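Please read it alongside the sequence and the model.

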Amino acid sequence: MTATATAAARPAPKTAAPREAIKEPSMVKQKEMIAGNYEKLATAKAMGRKVASTFVPGNLNELIMCFDLVNNLPEINAIQNGLRKKSGQLIVEAEKRGQSEDVCTYVKSDLGMLAKGNIGPDGRPIPSPDVLLLSYTGCFTFMKWFELLREQYKCETVMLHVPYEGEGKVTENMRAYIVKQLREDVIPTLERVSGVKFDIDRLREYLRESARAEEDLVWTLESAKHKPSPIDAYFGGVYYIGPIFTAFRGTPDATEYYRLLRQEVQQRLDAGQGPVTPEGELSKEKYRLVVEGPPNYTSFRDFWKMFYDEGAVVVASTYTKVGGTYDLGFRHDPDHPLESLAEYCLGCYTNRNLPGRIDMIEKYLNEYEADGLLVNSIKSCNSFSAGQLLMLREIERRTGKPAAFIETDLVDPRYFSPANVKNRLESYFQMVEQKRRGAGVAAAAAVH
Amino acid sequence: MSTSDIVARCTGLFEDLNFVYAREWKAARPGRKVVGYMPFYVPRELIHAAGALPMGVLGGGDQLEVIHGDAYYQSYICRIPRSTVELGVTGRLDFVDGMLFPSICDVIRNLSGMWKIMFPKTMARYVDVPQNFRDDVGGEFYVNELNELRKDLGELCGRPVDDESLRHSIALYNENRRLVREVYAFRAAAPWKAPSSEVYLLMRAGMVLAVEEHSRMLGEYLEAALAENRPRRDNTRIVITGAFCEQPPLSLIKSVELAGCYIVDDDFMLVNRWEKANVPLEGDPIRNLACTYLHGSMSTSAKYEPDLSKKGLYLVDSVRRNRAEGVIFMAPSFCDPALLERPMLQNVLAAHGVPFIAFKYAENSGQMAPIREQAGTFADSIKLWSEA
């Protein structure tokens, strides 16, 4: 359903004389971190280390680290394969082996990779997991995905069922249920698989570290409230959430990454600069948008270019909240470690009900003073997509701001139609212009 | 009463997209409430005990022209939510006081939130069920969820749901499920006497009729079907799986039968027989409902199977128990639960030497010729070449 890209995956610009993408210290740092985790995965068996596979929403990285397990995230592998334009053939491979053309392409990319020898995006082998930590958070497909993987790997699988916030709130029953599963099932299973005894103080330390990084992440995301925004909170945001959504939350590396990132963004703010794009700094911010839904990864750079070429900056996005809604105030709490992990899982974006999601988008449109909402509807992901047309209408009704709808897919290149997407975006930007002119005329009429 | 009289009554209920029966039931006494629910399971006993009529909402079928509903969904989302929205926005569900959306997939889950926004006067509630099957973990969670639902339904209906009322409702549903199981067993034993197109309508009637009335109807059907002589054909006995949410058009079920298949088991309406045995009447009724869910309910792809070695065996069991010769995977297009589950179930069947085919449908599929050909070829190939 979700996840993040990395600076390492950024493709080269499409110009006659290719130039190096501008890399700031935080990008270099993230690239090293990602490479380091793939290195850990590639050498895990040789080093006698055990591997856990899990998902981005409901990712219990701090807990996984308590057992010295290496964290493998199949969604990230699918994204990395998408960015490297490898996912298409993997999806076809999975379909040849009986997967329906109708279902999630993350799953099919992952199963296709497995069928073709489990060579990871960096060309090195992905080890078979020792445990599948099925954090069933905000996405029905997760459950089937890991059942499918379990069938292949025949390894230990432990389910953490995270109830859905159907009524728009977290109840004590939900929290207690998750904590009990952690105590009774998840922790004993991870102890058994890893041979490492659980130490709650170790977990507390990791959670303390997480909270530090979370502060700086939120500061970075909220910097987009400035005009011009120093960041793009969707295309750039995908990089910013990388460490905290994946195998690094709770590590000093992640804290350091967010410290560096904050410094860089602060410098851009001080200089009144816009976001950094693959082709350099965006000099003029023309449109401020909120985006709902994940990006397309197979044509990520081309997709982004359609925005920055028009001076469009995404100032807030819901996708950057699928691995945690830190901007709504949640922080991992070392004083209540298991309860805090439960709260974290419950609050992930797609685990919130539709009215709650609409409220968030409305808040973003107002607080970030955006011109409108763009929905990128993803064929693969019903968790995100079902109901988005109602969300769009509701947002237009509540805010009076224009909204638009485009359709792509996460990692299936067959569902990215650049001409159609570009055409829709151009029409949308015209609509925003028209709305502005209309507002200008109305304001002038009011003066007279 | 003959089977054709009963089937005519069921057909009338099935085709009535204005839900006249439920409207009349509600109008018959002031203060009555109707609570709708979607597939695959809700604890109907709680609705009944609150004094309300539980009413299954299974989309619009092939008779409803979907005009508004399509504006709410992308082309790659299944059809049942769009026809359900159509039923809602066209006022066909305007008498419904509450809607329950079970934990079956992300589409139905999100529809619960859409309903809250689109129909704010209707109580819309997502019904979560545990995926952890330990009494002290998932069981405790579900007991609390059921108590919460009990409170909400009591508030909706203006009277608290007490234990005695709930026990009474459980007893009525136990009896109903006993009869449902009996009809299924009868069909499996003599499918020529209980064609699936009839059994389907009979089970659909249970989605709208009051439970007492449906139980009477089931009893009458069994009696009538037993008494009637119908020609026995040399059909192939098959199990249908994957059709537990969006329903196939009736013509599709008839086409499969006409193609030479006796359907001896299916998962069309799981809610009618979700609990495999009686829910106990002694003790705490809520805990009994929860316990039966954990340890005595059917299997389907919306439910996690913690034990890899047991994965899909329910389907093999159904094949054996019902002496089926093959399985037809019949799933709605874009149905995540059915389509993601399918390859795993197919592997289990292959390992047990059970032949199968697969196709997709939508509730408004109109072209039956390809399905008839596929099902017919499957049936013939089993008859001609199976080892038995």
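## A buried asparagine in chain A

A residue counts as buried when its relative accessible area is under 20%. The structure is a predicted model. In it, A:Asn71 has 3% relative accessibility and is therefore buried. This residue belongs to strand S2 of chain A, which spans residues 70–72.

Two polar contacts involve the side chain of A:Asn71: one with the side chain of A:Asn61 at 2.9 Å, and one with the side chain of A:Asn59 at 3.4 Å. Leaving aside residues up to four places away in sequence, A:Asn71 touches residues including A:Asn37, A:Leu41, A:Ala52, A:Ile64 and A:Thr246.

## The sheet of chain A

Chain A has an open sheet of 4 strands in the order S2-S1-S3-S4, paired in parallel. Its edge strands, S2 and S4 (156–161) of chain A, each pair on one side only. From one strand to the next the twist averages 25°.

Strand S1 (residues 51–53) of chain A and strand S3 (residues 131–136) of chain A run parallel and are joined by 2 bridges. Within this pairing, A:Ala52 is opposite A:Val131 of S3(A). Helix H1 (residues 25–43) of chain A lies across S1 and S2 of chain A, at about 105° to S2(A).

## The sheet of chain B

In chain B, 4 strands form an open sheet with parallel pairing, ordered S6-S5-S7-S8. Strand S6 (261–265) and strand S8 (356–361) of chain B are the edge strands, each pairing on one side only. The average twist from one strand to the next is 35°.

Strand S5 (residues 236–241) of chain B runs parallel to S6(B), and 4 bridges join them. B:Thr236 is placed opposite B:Cys261 in S6(B). Helix H7 (residues 163–189) of chain B packs on the sheet and touches S5 and S6 of chain B, its direction making about 145° with that of S6(B). Helix H13 (residues 336–351) of chain B also packs on the sheet, where H13 touches strand S7 (326–332) and S8 of chain B; the angle between the directions of H13 and S7(B) is about 170°.

## An enclosed helix

Helix H8 (residues 196–205) of chain B is largely enclosed by the rest of the structure, because 10 of its 10 residues are buried. Among them are B:Glu198 and B:Arg204, as well as B:Val199, B:Leu201 and B:Met203. The cover over the buried residues of H8(B) includes helix H1 (3–15), H7, helix H9 (211–227), helix H10 (250–258) and S6 of chain B.

## Nonpolar cores

Nonpolar side chains tend to be buried together in soluble globular proteins. Here the largest nonpolar core has 280 residues, and those with the most contacts inside it include A:Leu63, A:Tyr106, B:Met55 and B:Ile328. Not counting residues up to four places away in sequence, B:Met55 touches residues including B:Phe19, B:Val34, B:Tyr37, B:Leu93, B:Phe95 and B:Met207. A second, separate core of 16 residues includes B:Trp192, B:Val239, B:Val319 and B:Phe329.

## Cysteines

How many disulfides are there over all chains? The count is 0. B:Cys78 is in no disulfide, and its nearest cysteine sulfur, in B:Cys105, is 6.0 Å away. B:Cys78 is buried, because its relative accessibility is 9%.

B:Cys335 has 9% relative accessibility and so counts as buried.

Conventions:
Residues are numbered from 1 along each chain as its sequence is written. Chains are lettered from A and ligands numbered from 1 in the order in which they are written. This is a predicted model: local features need pLDDT of at least 70, side-chain atom pairs count only at pLDDT 80 or more; totals for chains, interfaces and linings use all residues. Side-chain values use heavy atoms; hydrogens and water are left out. Buried means under 20% relative accessible area, exposed over 50%, partly exposed in between (1.4 Å probe, protein chains only). A polar contact is a pair of N or O atoms within 3.5 Å; within protein, one must be able to donate a hydrogen and the other to accept it, and residues adjacent in sequence count only if both atoms are side-chain atoms. Contact means heavy atoms within 4.5 Å. Two strands pair if DSSP finds at least two bridges between them. Axes are lines fitted to C-alpha atoms, for helices over the stretch in contact, and angles run from 0 to 180 degrees between N-to-C directions. A disulfide is a pair of cysteine sulfur atoms within 2.5 Å. A nonpolar core is a set of buried Ala, Val, Leu, Ile, Met, Phe, Trp, Tyr and Cys residues joined through side-chain atoms within 4.5 Å.
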